[in-house]
Amino acid sequence: MRIHLVNPSDVSFGTAVITPRWQYVLAAATPARHGTPLLIDETLDPIDEESVQPGDLVGISIHTGNALRGYRIGRAARGRGAFVVFGGIHATLFPDEAREHGGAHAVVTGDGDLVWQTVLDDCDRGNPQPLYAGGRVDGESFYPARWDLLPKNRYMWASVQTVRGCPKHCSFCSVWRTDGQKPRQRDVSVVVREIVELRRQGFRFIVLADDNFYPVTLADLAAADRRADKAQHAALTRIRDERFELMARLEQLPNDIVFYTQITMEAAEDPAFLTAMRRAHIRGALVGIESVTPEGLKAVFKNFNETGDGLVERLQAFRAADVHVLGSFIFGLPTDTPQTFRATADLAERAGVSFAQFVMLQPLPGTIDFGRWEREATDVPVVDGVPLTRYWLIPPEHRPRVYSPHPMMTADELRAHTQAVWDRFYGLNLVWTRSRFLKSVRARLAFVLISKLYRQMYANTGIATDSARIQRSALRARWLARCAHRLFASDPMPDLREPRRVPAVTIP
Ligand code: SF4
């Protein structure tokens, strides 16, 4: 039984930005008796369906964005006599759909780390179960990824997870519902070992692919203090101390290493944390800004974010600590007006964010917004025989980009305004000006290239509605990605030693 692990994608770029970590983790969770899985990442190249033989196992992980492509692969693999197993966040939410549309023999819900071995044994005996509940695995039980299986020179950034789960509850996000609100941190030494292995191989750009790298805020600690809840305070302090321990060890790595992560804006109020991030070579972070108005933040349950000058100050605090922000903004909130677009673009410039993404509001399954939308939707439009509340089953070229009517703007207006903000933010002049913080011309050119690549991959293929434009964008992104990849490559460091342990200290 050969095992194929497939990361589905409608568009292949030849070179990919980030390693799909799940494939390398499941490869590590595969016992030697089942052989080494074949890893197929369709963001690089499409799967060769002929390679699937009767009796093979095809494991497909899907999120909502690539579910339809995953289902096509699943049906084709089942047609060729393979066992088909689905997992990932979307299959966790819709296991029946994976069986109905994707030809799944089995669906794994939750974390696959521990249950994967049982799935393989059952398939090997020809007796897969319809459902395997992986649950939420403890941080200590996460498998380190098998980076020895990485193809050479295909990815720009490697990905390592240090914590899973997020204590917040934003209405548009499913992370806190699927991964839980309790942060599950991995053992520091295990994380550091993985990172060292990647740097030895020649990766110097690594994404810390966490739901929220800052799971305990100063406000959380103060609240536990106020309630005189000693147990909670001790638990939070332990999580915080481990963050600092991790960063103290990352600090000892070579200076050329660059980490990037995802974090809430509250970290800007924690100078000790920001300083530790800078020392740990964490040079960038995605920060969910979402909306620049208080009404917008209230609409998405993100009142802990600032607006106006307070927002600019917080974002500048990251910049002052040399942590460059990829600001994430949502357009299409019911509170948005035609003025919101300009105000957002102005703020992104004023706050000095290095990169930005402007996403159109989309009700994602598993979120509060989706539940409300599905419950309240009346006269749901049907496209290609699919109700809009199952929009991911509509072929991408026919899929609407706006899902609920906006009180003030048409779908085309929303799309045009959003595209205009992308165009403005990634205009060559502004990108070149933003690159001023870099000293060498080479580094500034790399910044320009990455900015353009980011825009091609996420703005043009994500917002465009006609397939010809999507294909042209994909071709341009493919070309840019090839150039950018050279800038990210670096020499291996086979003799790099692991950073020494640091004594545990409680950071105030
Ligand atoms: S959007 Fe970010 S902060 Fe909000 S719940 Fe999701 S991961 Fe947490």
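Is the crossing of H7 and H9 right-handed or left-handed? The views below, taken from a predicted model, begin with this pair of helices.

**View 1. Helices H7 and H9 cross each other.** The crossing of H7 and H9 is right-handed. Helix H7 spans residues 188-201 and helix H9 spans residues 230-250. Their axes come within 10 Å and cross at roughly 30°. Because angles under 35 degrees count as roughly parallel, H7 is described as roughly parallel to H9.

**View 2. Nine residues surround the ligand: Cys 166, Lys 168, Cys 170, Phe 172, Cys 173, Trp 176, Asp 211, Thr 264 and Lys 302.** By class, five residues of this shell are nonpolar, one is polar and three are charged. Cys 166, one of the residues around the ligand, is buried, with a relative accessibility of 11%.

**View 3. Cys 123 is a buried cysteine.** The relative accessible area of Cys 123 is 2%, so this residue falls under the 20% limit for buried residues. The model has zero disulfides, a disulfide being a pair of cysteine sulfur atoms within 2.5 Å.

**View 4. Asp 322 lies in a loop and has a positive phi.** Most residues other than glycine have a negative phi. The phi of Asp 322, however, is near 70°. The loop that holds Asp 322 runs between helix H12 (308-320) and strand S14 (324-331). Asp 322 is partly exposed, at 31% relative accessible area.

**View 5. Asp 379 is an exposed loop residue.** Asp 379 is found between helix H14 (368-376) and strand S16 (382-383). Although Asp 379 is not a glycine, its phi is positive, at about 50°. Its relative accessible area is 78%, which means that Asp 379 counts as exposed.

Note on methods. Residues are numbered from 1 along each chain as its sequence is written. This is a predicted model: local features need pLDDT of at least 70, side-chain atom pairs count only at pLDDT 80 or more; totals for chains, interfaces and linings use all residues. Side-chain values use heavy atoms; hydrogens and water are left out. Buried means under 20% relative accessible area, exposed over 50%, partly exposed in between (1.4 Å probe, protein chains only). A residue is near a molecule or strand if one of its heavy atoms lies within 4 Å of it. Ala, Val, Leu, Ile, Met, Phe, Trp, Tyr, Cys and Pro count as nonpolar, Asp, Glu, Lys and Arg as charged, and the others, Gly among them, as polar. Axes are lines fitted to C-alpha atoms, for helices over the stretch in contact, and angles run from 0 to 180 degrees between N-to-C directions. Helices (H or I, at least four residues) and strands (E, at least two) are DSSP runs, numbered from the N terminus. Angles under 35 degrees count as roughly parallel, over 145 as roughly antiparallel, 65 to 115 as roughly perpendicular and the rest as oblique. A crossing is left-handed if the near helix is turned anticlockwise from the far one by less than a right angle, and right-handed if clockwise.
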